[in-house]
Amino acid sequence: MWVIFSLLAGFFSALTSVLSSFASKKVDSLISTLLRVSLINIILLIILISLGLISDIYNISLKTFIFLILSGISTALLWIYYFKALEEGSVNKVSPVDKLSIVLTLILSNIFLKEEITIIKAISMLLIVTGSLLTIKKDDKNAKSNKWLLYAILTGIFTSTTTILGKIGIKDINPNIALFVRTIVAFIVLLIINTIKKNLKSIKKIDKKDFICILLTGVTTCISWICYYKALKDGNAADVFAIEKSSLLFAVLLSTIFLKDKLYKKTIIGLIIIVIGIVLLL
């Protein structure tokens, strides 16, 4: 089941990317991310209450709580840089660079989680990374600058650290509880940053279309992370991470259908290589 949840996490992650592209660039990414996280917290709280799990939060050990706090901080940073990257570049440019973090996750999972690096796993990861690189498109006229590249790289780094910290944090507790605690921490970090930057007043200026888009991406992000944590609970961190990065497949297909992005021959070859890598991994 962890494979299915990993694929679902990838699909909803891709949907988040595509929906984000429909929003205008007028809304500050820090504010939009804060609003998304706020909605995610509400959804998770409702889930925990409905499942009768809310009281289990008090039973979390200190060690687990520390790792969840660190994971929450890392989550806040990855979301900040991810949506910053989407502000500066297109979905089809940001997503492939973010996927390069597969290699970093493989190394970190071996060091901190003692997960074995087999020849098959190394080859499959290399294929996924190679395929991701092939799907990167040339600079487009809509790109503001090359800052998207830095933001995408930082997104990948913090996505990897979030995965490793999250895997350690959910070892002895329900994944939904772990996700809720982590997201609360992320919300606090984002609230502090927005308060310091005096961004909170700008919430009133967000128009209806952008607000709806932010809420929709909040829902898809929440579903993606619920599936991801469920997969992370049962599967190896590096394997779950790599399969979740199939979101690139979904992102390219969805952006081609809904954003009318052109599908080049090189992109198709890259997607085929990614599929081969995922199949090998399984």
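**Notes on the predicted model**

1. Residues are numbered from 1 along each chain as its sequence is written, and side-chain values use heavy atoms, with hydrogens and water left out.

2. The protein has 12 helices and zero strands (DSSP runs, numbered from the N terminus: H or I of at least four residues for helices, E of at least two for strands).

3. Of the 282 residues, 51% count as buried (buried is under 20% relative accessible area, exposed over 50%, partly exposed in between; 1.4 Å probe, protein chains only).

4. The structure holds seven aromatic pairs (rings of Phe, Tyr and Trp, the last by its six-membered ring, with centres within 6.5 Å; planes under 30 degrees apart are stacked, over 60 edge-to-face, the rest tilted). Phe11 and Phe250 pair edge-to-face, because their ring centres are 5.4 Å apart and their planes at 85 degrees. Phe11 belongs to helix α1 and Phe250 to helix α11, 239 residues apart. Phe11 is partly exposed at 29% relative accessible area, as is Phe250 at 25%.

5. Trp79 and Trp225 are also edge-to-face, with centres 6.2 Å apart and planes at 85 degrees. Trp79 lies in helix α3 and Trp225 in helix α9, so this pair ties together parts 146 residues apart in sequence. Trp79 is buried at 5%, and Trp225 is buried at 10%.

Methods. This is a predicted model: local features need pLDDT of at least 70, side-chain atom pairs count only at pLDDT 80 or more; totals for chains, interfaces and linings use all residues.
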